[in-house]
Amino acid sequence: MRITPNWHNVKPLGRTWPLEDGLWLALSASGAEFTFTGSACEVTIAGDNRAADAEAVNDHARIALYLDGQRAVDTLLNAPVKVFTLEAGEGEHTVRIVKLSETAMSTCVIRTIEAEDIRPTAKKLRLVEFIGDSITCGYGVDDEDPEHHFTTATEDTTRAYAYRTAQALDVDVSLVSISGYGIISGYTATAEEPVTAQLLPTYYEKLGFSYGAYKSQAPQDVRWDFTVRQPDLVVINLGTNDDSYCRDYADRQQHYCDQYADFLRTVRRCNPGAKILCTLGLMGDRLYPFVEKAAAAYSAETGDTNIACMPFVPQLAEDGLAADYHPTEATHRKAAEKLTAEIRRLMGW
């Protein structure tokens, strides 16, 4: 049988969007999971308009296909369409398709799946949403040289703290993360003016944001439907890029605090029953006190006490540095252990 995947015939992973010709993946860790019976499965995946763009060589979507829990394919979509054949012994098998790279650079569409008796896998009992930046995306985690720069080829969200935490907790995960983005400013090397084109709250209620497009459609044109599935917990890790602008300017730090509290109102409106956990610190914790201050101000104003804060320990030189001084897998592993323990304490999981 051959199917065009949608929200019903496969299990969607993270925020995905059904199109007429397939399931659209934009954000990191978005994808699909299903079982089939037999000895082989064929998956056809299309790239967006950046897939065949020679100028976008560092931006092609990176995807992984897992067969029975083992990564069988790890590739960049550098052609308009690619077909993957997964072969195994006769029997029932599970396939998981995961977008390893982030939304900003490129998107892709799972067009068809061909196998016998295709069925969606079961949802896990709980869902955790992570809102973040390059750290959550796994920027450079496959390249432990801090002098090297960004490419989707070395970005793997499954090796980063958020995905690792979800695995440890055995929960479904959804990531809303874009490299360089913040609450009041994206990353800036000069700190002269805020980079207001790179604010995560602008796109939180969208499918994502991308410089690429699929058949003239961009994920920022799609309003996300929060009724699809509500998370039990929302973890926010935003402020690293804001700090490049705020530095030690008290007025900027207060503006970050005020806008963070405002974003908490948005997150609560979209996720009325979720616990919210605010974190910061892996690449510097100068703004963390203002995270706590924002959460306290929000709670005092709204009466919403279903919120908590947790600081990360800044990365250590002994654990190495990845591309553009981002966390290594060792740092991500430590962060996941700390966050997992805190979530278990808070949620009783």
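I began with the second largest pocket, which is lined by 22 residues, with S134, G180, Y187, N241 and H326 lying nearest its centre. For the term I used a 1 Å grid over the protein atoms alone, a pocket being an open set of points where a 1.4 Å probe fits, with protein on both sides within 12 Å along at least five of seven lines, and lining residues having an atom within 4 Å of a point. I noted that this is a predicted model, in which local features need pLDDT of at least 70 and side-chain atom pairs count only at pLDDT 80 or more, while totals for chains, interfaces and linings use all residues. Residues are numbered from 1 along each chain as its sequence is written, and side-chain values use heavy atoms, with hydrogens and water left out.

I looked up the volume of this second pocket and found about 480 Å³, a volume being the space filled by probe spheres set on grid points joined across faces, edges and corners. Helix α4 (residues 240-246) gives the most to its lining, with 4 residues; helices here are DSSP runs of H or I with at least four residues, strands are runs of E with at least two, and both are numbered from the N terminus. By class, I recorded 10 nonpolar, 9 polar and 3 charged lining residues, where Ala, Val, Leu, Ile, Met, Phe, Trp, Tyr, Cys and Pro count as nonpolar, Asp, Glu, Lys and Arg as charged, and the others, Gly among them, as polar.

I then turned to the largest pocket, whose volume is about 670 Å³. Its lining has 34 residues, and K11, P12, L13, G14 and D172 lie nearest its centre. The elements giving two or more residues to this lining are β2 (11-13), β8 (81-99), β10 (127-132), α2 (161-169) and β11 (172-177). I recorded its lining as 16 nonpolar, 8 polar and 10 charged residues.

Next I checked the salt bridges (a side-chain nitrogen of Lys or Arg within 4 Å of a carboxyl oxygen of Asp or Glu), of which the structure holds 27. One of them joins the side chains of E129 and R15 at 3.3 Å, N to O. Because E129 lies in strand β10 and R15 in the loop between β2 and β3 (16-19), the pair ties together parts 114 residues apart in sequence. Both E129 and R15 are buried, that is, under 20% relative accessible area, with exposed meaning over 50% (1.4 Å probe, protein chains only).

Last, I followed E205, which meets R269 in a salt bridge (3.1 Å, N to O).
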